[in-house]
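Hello,

Here is the structure for you to look over. My notes follow below it.

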Amino acid sequence: MAAIARAWGLLLLLLLLPWLAHGSSIKSVPELESRMYASLAGFPCVRWLNLTGELGCANPGHGAVSAPILRMGDALDSPATVLVPAESFEEFVDRFGDDKNVVGVLVENGSQAPGFGASDDARFPQAEFAPYENQSWVWNPFGSGMMHRRLNFPVFFLSSPENIELARRLASQNVEKGSKRPANVVEFNDVMQTTKTGTPTTESCLGELSCLPLGGYSVMSTFPPVNVSHPTVKPVVLAMASVDSATFFRDVAPGADSPMSGVIALLAAVDALSHVPDFDSFLKRLVFLVFTGEARGYLGSRQFLAQLKKGAFADYGLTSIHQILEVGSVGQASEATFFVHKQATAAAVDTQQIIDALYLSASSTDSTVKLANEDNPGIPPSSLMTFVHNDPTVAGVVIEEFDTAFTNKYYNSVDDNSSNVNLPSLVVAASLVARSLVLLASDNNLRFDSPIFESIQVNMSLVEEMVNCFFGTSPGMRCSLVESLMTASHDVANHYVGVFQADPSVSPNSMPEVIDDTTRFVWNFLADRTALPREDLHEKCTLVCKNPDEVCVGATQSQLGQCRVSSTRAYDWTVVAVEHLCY
Amino acid sequence: MGLVAGFGYFLIALGPALTIFGSSVAPKPFLILTVLASALVWLASLNIAAIVWRAFLPGPSWVFLLILTTSVALQEAFRLLYWHLYLKIEKYLNVLATKLSKPQCNYLDRLEIALASGVGHGLAHAVFFGLSIIAPAFGPATYYTSSCKQMPLFLVSALSSLAFFLLHTFSMVIAFNAYTYDNISQKLFVPIMHLGAALLTLVNLLPNGCTAGVPLVFLCTALTMAYGGKIVWHNLVPVLNTPC
């Protein structure tokens with residue numbers, strides 16, 4: 001009985017307990033699990049292979065690796081994941097890149113100090129493709145060369161402030177506890193090995209099918225459109241730009257100034273030219289080319305030339321090239337001044353015609369065009385290099401915003417975003433390109449004070465919209481300009497060239513999901529602007545049109561496209577030797 | 001820690017269960033059936049309590065008191081039911097034994113069935129309360145609650161399951177003995193110990209409470225085991241082989 005009385009006493013005491021307790025409670029096992037794990041969304045640095053070996057980052061083995069998280073500056077005496085600000089990343093890799101205790105790195109997206117430049121590329125990007133001997137010229141003074149290094153640990157880029165805040169909090173908790181358990185641990189699943197061992201170069205891994213080749217689709221459009229069955233042959237003026245960028249982190253490659261500003265200027269120029277009447281009567285034909293894969297070994301331009309030589313474009317009346325105008329980085333020109341770069345070996349008369357056309361256009365658009373400094377060894381890194389290699393006398397120039405070295409501090413960098421370009425520069429560049437192309441196409445038969453010339457107006461709101469579509473996040477590629485022509489697969493455009501997984505013999509026009517959003521937009525845009533004027537009874541379509549002269553333009557998820565007469569093609573890959581396809 | 005940790009916690013919770021099962025229950029097939037039947041009955045009781053209380057959760061913290069008290073009361077009612085069910089079965093078993101010219105069941109058999117029933121009850125508790133919480137422990141991470149920095153949540157859960165398993169196992173032995181000999185203090189001992197242990201788990205809610213809560217529940221278990229042992233020792237020697 002006494003025992004029972006004591007038990008009742010205990011019971012009364014216990015009744016008080018719930019009110020004394022505090023703290024958050026877990027309501028279910030899934031909630032428990034969500035408190036144990038947090039996922040840090042980040043962008044990886046991935047493993048690349050080239051002819052000679054490996055670049056980039058990956059887990060050292062075939063399994064996930066994990067280590068407690070610390071901040072850069074904390075003592076590194078045991079395996080750890082290090083949280084590094086972007087500004088200090090290069091320094092960190094130089095000092096600790098070989099340290100066995102570095103299991104993985106998280107890079108914080110920092111607020112860059114003004115004047116600070118961080119380019120991941122080399123000081124002479126892709127110097128090995130230069131058609132001249134001086135390969136130590138510094139085109140890219142801000143280049144760290146980081147993207148060409150091989151690291152033996154995973155690196156991820158944290159861009160959102162919440163993730164950075166979380167990572168910092170976990171790291172400081174670890175430091176407070178010292179080495180006592182439990183520690184906050186980061187696990188990396190960046191297992192990027194070729195699927196078979198012993199294939200560390202492109203040749204071996206492609207042979208063994210244990211890796212994927214880089215590649216994509218470039219877009220070619222003739223203006224005005226060609227009758228494919230019997231094309232007339234006219235001298236061809238190529239206007240070209242490139243669309244892909246590459247940084248240390250594969251998926252963060254906005255490439256706003258370099259190279260997308262060139263594409264935007266070119267597309268705006270095409271839009272302006274589409275209102276010029278009687279282009280058919282001009283003596284030369286314009287061909288617009290937007291390459292991809294240029295940042296990774298000039299894949300697009302080299303493939304183009306290879307196919308050109310094989311006669312793949314004879315159907316479009318394209319068998320040789322008369323003149324080339326390449327639009328390079330034109331997004332941040334100072335005081336509307338652009339520089340014309342040419343190779344000393346270029347054919348004098350034809351090249352001078354291009355330069356004169358540019359001078360004339362500049363005088364009519366309130367801008368300045370200057371010839372690049374004579375001390376330059378030659379043309380800057382550009383697709384034109386491929387053409388010069390093929391034929392040193394080719395009459396080609398590159399328009400750039402810089403003279404002797406890049407003014408773009410963020411060439412091939414995660415920070416080359418919309419704040420790195422400005423509208424006035426783009427609009428003036430587009431004007432220059434449009435007017436120069438008209439002069440060239442008319443073979444100087446058009447006087448610069450002719451009403452046609454004066455009427456070429458670049459649509460400023462189009463340029464602004466393109467900047468928002470290509471580099472913005474909302475609406476990004478869901479903007480009305482893009483939506484009117486196609487439905488994008490992703491909300492945000494990324495300008496990494498991508499891996500080529502389709503069967504090269506399949507026509508890309510029949511598989512729109514295979515082509516990346518930006519290229520598909522360029523294709524639709526060029527097809528729309530270069531097509532013969534709309535008539536009322538155009539056939540509706542989803543992918544292909546019966547008439548070989550026609551292509552299906554503007555098919556989206558919510559509307560059918562129209563079959564328009566246009567010679568715009570995404571040129572497909574025929575079988576070419578493997579080492580040319582991948583970097 | 002992964003698999004090692006997960007299995008470790010599992011064995012902490014149910015290691016003795018496996019031992020008891022292997023040594024005392026497994027050799028007799030009827031006892032295995034008893035374990036299963038008992039486990040199902042007790043799982044049903046827990047489910048009924050859970051279904052009713054799910055409607056009132058999440059709620060204020062004093063709800064815990066109500067939940068615990070009513071659930072323990074429900075379980076003790078089930079225990080009485082179980083006892084009456086057992087009497088019926090024993091009658092049928094004796095009829096069967098007579099037909100087959102086998103001896104009738106005696107006090108020792110009753111105790112063994114009691115032990116097996118208790119094992120079933122304990123297993124039901126461990127599975128219901130312990131195993132789902134221990135499941136995430138098989139992954140690479142662990143978890144410490146803010147009120148218990150000394151032990152991972154999984155260890156507290158595993159130890160708690162162990163304590164309650166042993167408590168229930170031996171409670172059933174005491175209960176069967178209590179109903180057999182109509183002993184009031186023994187009859188009251190089991191519900192009070194059960195309620196006491198259940199309420200003592202609330203101590204874990206206090207900051208650093210797990211350092212006291214877990215040992216206190218084990219104290220209840222130890223008392224139950226000691227009491228049960230004493231009863232069995234006291235009763236078994238003189239009444240061995242006496243018919244029930």
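UniProt positions are given in the numbering used here, feature names are shortened, and annotations may be inferred rather than shown by experiment. This is a predicted model: local features need pLDDT of at least 70, side-chain atom pairs count only at pLDDT 80 or more, and totals for chains, interfaces and linings use all residues. Residues are numbered from 1 along each chain as its sequence is written, chains are lettered from A in the order in which they are written, and side-chain values use heavy atoms, without hydrogens and water.

Chain B: the unreviewed UniProt entry annotates "transmembrane region" over several spans, including residues 6–23 and 30–56. Residues 6–23 of chain B are 100% helix and 0% strand, with end C-alpha atoms 25 Å apart. Residues 30–56 of chain B are 93% helix and 0% strand, and their end C-alpha atoms lie 40 Å apart.

Chain A: it has 16 helices and 19 strands (DSSP runs numbered from the N terminus; helices are H or I, at least four residues, strands E, at least two). Of its 583 residues, 55% are buried (under 20% relative accessible area, 1.4 Å probe, protein chains only).

One open sheet in chain A has three strands, ordered E16-E18-E17, with antiparallel pairing (two strands pair if DSSP finds at least two bridges between them). E16 (540–541) and E17 (550–553) of chain A are the edge strands, each with a single partner, so one side of each has no neighbour in the sheet. E17(A) pairs with E18(A), residues 561–565, over 4 bridges. Cys552(A) stands opposite Cys563(A) in E18(A).

Best wishes

Technical notes
Buried < 20%, exposed > 50% of the residue type's maximum accessible area, 1.4 Å probe, protein only.
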